[in-house]
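Please look at the sequence and the model first.

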Amino acid sequence: MKRYTEKIRAALPGTRLELKEHTYAAVEGLRAICGIVDGEERLIVDGCKAFRFTGETAGGRSGVKICPMNHENRLALNREFSYTVPQAVGGELASFGFGDRLGIAGESHLSAVEGTGVKPVLAQQSLRELTLTGRTYEEVLDAAAWAVFKKGYKDGYGADGDHLKTREEVAAALDHGMSMITLDCSLVLGAAPSGVEERRRRYEALPGEYREGLEGSYLPDSEAMGLGICFDRELLEETALIYGPAVELAEEVYRLIRKTGRRVDLEISLDETAHTTKPAEHYFVACELYKKQVRVTGVAPRFVGEFQKAVDYIGDPEAFRRDLKAHCRVADYFGHKISLHSGSDKFRVFAALSEETGGRFHVKTSGTSWLEAVRVIAQTDPELYRRMHRTALEHFAEARRYYEVHCDPEKIRPLEEMPDERLPDYMDQEDARQLLHIAYGFMLREGDGLRERILEALGKQKGAYQAALERHFAKHLDMLGYGKRGSEDRTVPMEKKQSI
């Protein structure tokens, strides 16, 4: 590598140049490194494959090419360096989803997870978030891949098409190269019957062969009983009516995944509902998918208690543990892991999640990285923070249509009463946190210049933002039992029914 860096310096005389040697990578016909050239981050390549990258050749015939970190060059990077391509994580290892609404937090996310034994899912963005931020799958994947290269991280990362609800949405995410699909079943979950007569009528309307198969499988089901689950006719009929359509959609989506010819994690999201997921319902979905040979990596039940955005778990942690324990028995039996959605800042239940799952879990976070950006701005640019806060208040009614929160703006101390040095206190008050969390789309939309000011302010405070993110996620991982000082492999081998 020394000869390569000397060659680059010789090709760029008189240039302000800083080479990030930890990013150096080479394959046959190509050498690449990240550097700062006259204040701009650039990819620097040479070799016979350098023609695949767009950029400017430096130093005459030196062969050194200075390339922007854009979409086209990200695709070229993916072709040459496999570690920059998203990968399926699988159901055996603990994994952690890092949402990055600004596209600038990836390196810090990797710093937080590096050495912990947890697999990062960097490119995690729902269609709702893409719409509200004005970003695309290409931009999300670009940011993740470049973060991986700039960090020199070669241990693999995932990319999650988050909370996708239709076959068409899943197909688009797969076409872009997402390595994980989170299938949100909320659109197809049937309504619970209002009474015995309606339940019987709707159930009898199902195809006779399907009903016979269900009754033969579950009335009784000795395997379910071994997990503490007992189906009677009423429970079976109601569960089939509510969750049968979700099983059908998951099977269709799995066919799409199989057509890609690559490994893709499939997570089934049952949490976007009004009622807590019963262990029997979890068992029914998992068992029906197993019978259809649909390979599931994870299931996200709706647990007892409340998992609101931006605040800690609301409820009894011991009740959560008991509920989780029952779901873990189902997950262990079928060989998938438990996924915790809206996992940002849920410190009160992290120990239970890690202990009861034996380290086979996935945690999704998103808005908490954005809130750390807001905190840094509150600390360093009071005028900009005040504008963001006012924007959030102006659009609160619109923003809360997208999220379930208990935020009460009347409980937030008025801006005019807060001196500049106290502005960061808002990030420690639950109503203010939820306000700033859900209104991000109205601050990041194009046209009013606020998005550009936010990115400019964070660019000036890059070190502070990185440090804040690393501290914040270190707390998450520590509470999950995956601090950097305890990074030994915690995967617990288990016998699993699912072996498709």
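## Strands around β10

Strand β9 (residues 180-184) runs parallel to β10, and the two pair over five bridges. Strands are DSSP runs of E with at least two residues, helices are runs of H or I with at least four residues, and both are numbered from the N terminus. Two strands pair if DSSP finds at least two bridges between them. I268 has V299 of β11 as its bridge partner.

The model is predicted: local features need pLDDT of at least 70 and side-chain atom pairs count only at pLDDT 80 or more, while totals for chains, interfaces and linings use all residues. Residues are numbered from 1 along each chain as its sequence is written, and side-chain values use heavy atoms, with hydrogens and water left out.

## Burial and the nonpolar cores

Is β10 mostly covered or mostly open? Strand β10 (residues 265-269) is mostly covered, with five of its five residues buried. Buried means under 20% relative accessible area, against over 50% for exposed and in between for partly exposed (1.4 Å probe, protein chains only). D265, E267 and S269 point one way from β10, and L266 and I268 point the other way.

I268 is also among the residues with the most contacts inside the largest nonpolar core, which has 142 residues. Such a core is a set of buried Ala, Val, Leu, Ile, Met, Phe, Trp, Tyr and Cys residues joined through side-chain atoms within 4.5 Å. Helix α10 (residues 233-260) gives the largest share of this core, 14 residues. F284 is another of the residues with the most contacts in the core. Its contacts (heavy atoms within 4.5 Å), leaving aside neighbours within four places in sequence, include Y210, F231, L236 and Y243. A second, separate core has twelve residues, among them A11, L17, I33 and A58.

## Cavities

The whole structure holds three cavities of 30 Å³ or more. On a 1 Å grid over the protein atoms alone, a cavity is a set of points where a 1.4 Å probe fits but cannot get out; a pocket is an open set with protein on both sides within 12 Å along at least five of seven lines; lining residues have an atom within 4 Å of a point. Grid points are joined across faces, edges and corners, and a volume is the space filled by probe spheres set on the points.

The largest cavity has about 240 Å³ of space. Its lining has 23 residues, and R128, D162, K309, S342 and S366 are the closest to its centre. This lining divides into two nonpolar, twelve polar and nine charged residues. Here Ala, Val, Leu, Ile, Met, Phe, Trp, Tyr, Cys and Pro count as nonpolar, Asp, Glu, Lys and Arg as charged, and the others, Gly among them, as polar.

The largest pocket has a volume of about 880 Å³. Of its 30 lining residues, E41, L102, G103, I104 and K150 are the closest to the centre. Helix α5 gives the largest share of the lining, six residues. The lining is made up of eleven nonpolar, eight polar and eleven charged residues.

About 380 Å³ of space lies in the second largest pocket. Of the 18 residues that line this pocket, E272, R302, F307, S342 and E404 are the closest to its centre.
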